[in-house]
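Subject: Structure for you to look at

Hello,

Here is the structure I said I would pass on. Please have it open while you read; my notes follow below it.

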Amino acid sequence: MKQYLTLEDLNSLTFSQKQALKLLWLPAVNDRAVASVCKDAENDIYEDLEFVVGEVIISERGTITLKRLRMPEELTDDEEIPANEEESPEEVFYDVFDPGDYFLKENCLPLFNIGQLINCLRNTKAGQGGFSLDIPPASGIEAEEGYRISDRFGEVDRDDELIDLLFKILKEQL
């Protein structure tokens, strides 16, 4: 069972949907997120970096900065990175690019888990009237039907993956 949204899920959003998702997201420590980081300003090359939020910093002006949580294996002690003889120094730098630990919330998107998606849905127009989530048993005929979401008018949608179903409904609300 898929537990979190993926980068591919977020890439399926339009620009305006991404902006709306950012407005719904109130970052917290241990949230998973993805930052769009400039890797090469001259050539306008950006890279998506997935990370775990280690700290949320709010400035006096209300700007939200996210500090990424680094795992011990990610920390280096000024180790020299071996260069491949076939690569130029620019290519070696490009491969070991480290964007740092601080990202503005406006440059990030959340990689919600199932619970966060449900909470987010509750704060949308779809959640105003409430909805029902049908979870099938682990085996049997009903299990083959997958997960279902219903509102007060009946079934809205269904999917084999719960998180995909929730995200599909959220996308329609963004």
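Which residue in β4 is the bridge partner of Thr65? The bridge partner of Thr65 in β4 is Leu104.

Before the rest, some ground rules. This is a predicted model, in which local features need pLDDT of at least 70 and side-chain atom pairs count only at pLDDT 80 or more, while totals for chains, interfaces and linings use all residues. Residues are numbered from 1 along each chain as its sequence is written, and side-chain values use heavy atoms, with hydrogens and water left out.

The sheet

Five strands make up an open sheet with antiparallel pairing, in the order β4-β3-β2-β1-β5. Strands (E, at least two residues) and helices (H or I, at least four) are DSSP runs, numbered from the N terminus; two strands pair if DSSP finds at least two bridges between them. β4 (102-104) and β5 are the edge strands, each pairing on one side only. From one strand to the next, the twist averages 45°, where angles run from 0 to 180 degrees between N-to-C directions and axes are lines fitted to C-alpha atoms, for helices over the stretch in contact.

Going through the pairs:

- Strand β1 (residues 32-40) runs antiparallel to strand β2 (residues 45-58), and eight bridges join them. Ser36 has Asp48 of β2 as its bridge partner. The two strands form a hairpin with four residues between them, and Asp44 in the turn has a positive phi of about 55°.
- β2 is also paired with strand β3 (residues 64-68), antiparallel, over five bridges. Here Ile57 is opposite Thr65 and Ile58 is opposite Ile64. This hairpin has five residues between the strands, and Gly62 takes a positive phi near 95°.
- β3 pairs with β4 over three bridges, again in the antiparallel sense. Leu66 stands opposite Phe103 of β4.

The helix pair

Helix α4 (residues 114-122) packs against helix α6 (residues 162-173) at an angle of about 25°, with the axes 10 Å apart. The two are therefore roughly parallel to each other (angles under 35 degrees count as roughly parallel, over 145 as roughly antiparallel, 65 to 115 as roughly perpendicular and the rest as oblique). Their contact (heavy atoms within 4.5 Å) is made by Ile114, Leu117, Ile118, Cys120 and Leu121 of α4 and by Leu162, Ile163, Leu166, Phe167, Ile169 and Leu170 of α6. These residues divide into 11 nonpolar, no polar and no charged; Ala, Val, Leu, Ile, Met, Phe, Trp, Tyr, Cys and Pro count as nonpolar, Asp, Glu, Lys and Arg as charged, and the others, Gly among them, as polar.

Confidence

The mean pLDDT (the predictor's confidence in each residue, from 0 to 100) of the protein chain is 81, and 80% of its residues reach 70 or more.

Regards
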